Amino acid sequence: MEAPLYPDLPPDPSTSRGGQPAFWVTPRHLAGDDGRLYDAVADTLAGLGWTGLTIVRGRHEPDEAPEDRQVLRSTVLHISPGALSWAQWVLADEPFHLGGLPIAWQIAARADTSSPLAQWSAYFTRDIPGEVVADFLVALDARDQPAAPLDGPELVLDAVATHGWFRDIEQPQAAATDPAFTSHITLGKVPPLIQDADSRALTTDAEEGGAAGWQAWAEPALGAPCLWATSFSASVPHDLVAVFAASLSSAAPVLRRVLPEATQERLLRMPAT
């Protein structure tokens, strides 16, 4: 459905370009990535001064025209100025799946440059709003010590509660959901293959349990496939997850041309003209 939203917002200059019409859309946690998840995040990283590296693989046959050359730009790695954090676009490299969806961005940080191992990692699938990942990265970039823990998990739940999300009745200290019960965030068991320096994250004994990490996902309808999913390993600082949560649950509209088919009926939109 369409409804007037935020009429005082100025139209985005990009709406003057040809192609599909643009809309201001809310809620953002169901708005998808507009088919621009790589560009939205990469542009943010470039603005922060991160260095971008690309591994290009290809094959060139004799007498082959340049336009016919088969080239695959697979791993795209962005490294922070201090070399303590990095963000990797892994979608082209057949990454593992999260919530049935392939991982698109992996973000990690280490305590110091003497170790090549990440202290923590965060994973984002396609169709998560690019604005949310960008806000997470801006907060990460602002920290001198990206691997140092600050404050506790209550920060995350407070961030979404401020925007009207409900705490879970059975787990009020560890989970919350949006008012329509489509998107969720919870502190609990970390999925397999999530990289973290905490050795408890490697346990395979269900009775021992492992270190808990934050997970979030959108399920447009009960039993339906996830629209997007994200996983934060156990050592991701709670204040960074809180930035992610605040951005995800924000009522501020986002500009979109391409809307997810699974959530179109749940979105409020206003033409950006």
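The points below are grouped by topic.

The model is predicted, with local features requiring pLDDT of at least 70 and side-chain atom pairs counted only at pLDDT 80 or more, whereas totals for chains, interfaces and linings use all residues. Residues are numbered from 1 along each chain as its sequence is written, and side-chain values use heavy atoms, with hydrogens and water left out. The protein chain contains 4 helices and 14 strands; these are DSSP runs numbered from the N terminus, with helices being H or I of at least four residues and strands being E of at least two.

- Of the 273 residues in the protein chain, 45% are buried; buried means under 20% relative accessible area, exposed means over 50%, and partly exposed lies in between, with a 1.4 Å probe and protein chains only.
- The protein chain has an accessible surface of about 14000 Å², and carbon and sulfur atoms account for 54% of that surface; the areas come from the Shrake-Rupley method with a 1.4 Å probe, and for residues only the protein chains shown count as cover.
- Counting contacts between residues at least 6 apart in sequence, 66% join residues at least 24 apart, where contact means heavy atoms within 4.5 Å.

**Helix 1 with helix 2**

- Helix 1 (37-47) packs against helix 2 (residues 130-141) at an angle of about 25°, and their axes are 9 Å apart.
- Axes are lines fitted to C-alpha atoms, for helices over the stretch in contact, and angles run from 0 to 180 degrees between N-to-C directions.
- Helix 1 is therefore roughly parallel to helix 2; angles under 35 degrees count as roughly parallel, over 145 as roughly antiparallel, 65 to 115 as roughly perpendicular and the rest as oblique.
- The crossing of helix 1 and helix 2 is right-handed; that term applies if the near helix is turned clockwise from the far one by less than a right angle, and left-handed applies if anticlockwise.
- From helix 1, L37, A40, V41, T44 and L45 meet G130, V133, A134, L137 and V138 of helix 2.
- This contact of helix 1 with helix 2 comprises 8 nonpolar, 2 polar and no charged residues; Ala, Val, Leu, Ile, Met, Phe, Trp, Tyr, Cys and Pro count as nonpolar, Asp, Glu, Lys and Arg as charged, and the others, Gly among them, as polar.

**Helix 2 with helix 4**

- Helix 2 and helix 4 pack at about 150°, with 8 Å between their axes.
- This angle makes helix 2 roughly antiparallel to helix 4, and their crossing is right-handed.
- The residues E131, V132, D135, F136, A139 and L140 of helix 2 meet L240, V241, V243, F244, S247 and L248 of helix 4.
- By class, the residues of the contact of helix 2 with helix 4 are 9 nonpolar, 1 polar and 2 charged.

**Helix 3 with helix 4**

- An angle of about 15° relates helix 3 (residues 154-161) to helix 4 (residues 238-249), and their axes lie 8 Å apart.
- Helix 3 and helix 4 are therefore roughly parallel to each other, and they cross in a right-handed sense.
- L155, V156, A159 and V160 of helix 3 meet H238, D239, V241, A242, A245, A246 and S249 of helix 4.
- The contact of helix 3 with helix 4 has 8 nonpolar, 2 polar and 1 charged residues.

**Backbone geometry in loops**

- A cis peptide bond, with omega near 0°, runs from T26 to P27, and P27 is in the loop between strand 1 (23-26) and helix 1.
- D151, in the loop between helix 2 and helix 3, has a positive phi near 60° although it is a residue other than glycine.
- With 63% relative accessibility, D151 is exposed.
- L193, in the loop between strand 10 (183-188) and strand 11 (213-218), likewise is a residue other than glycine with a positive phi, near 75°.
- The relative accessible area of L193 is 59%, so L193 is exposed.

- A118 occupies the loop between strand 6 (101-109) and strand 7 (120-125).
- The C-alpha atom of A118 is 8.5 Å from that of S85, 33 residues away along the chain.
- Apart from its neighbours within four places in sequence, A118 is in contact with W86, A108, A109, R110 and A197.
- I55 belongs to strand 2 (residues 51-59) and is partly exposed at 47% relative accessibility.
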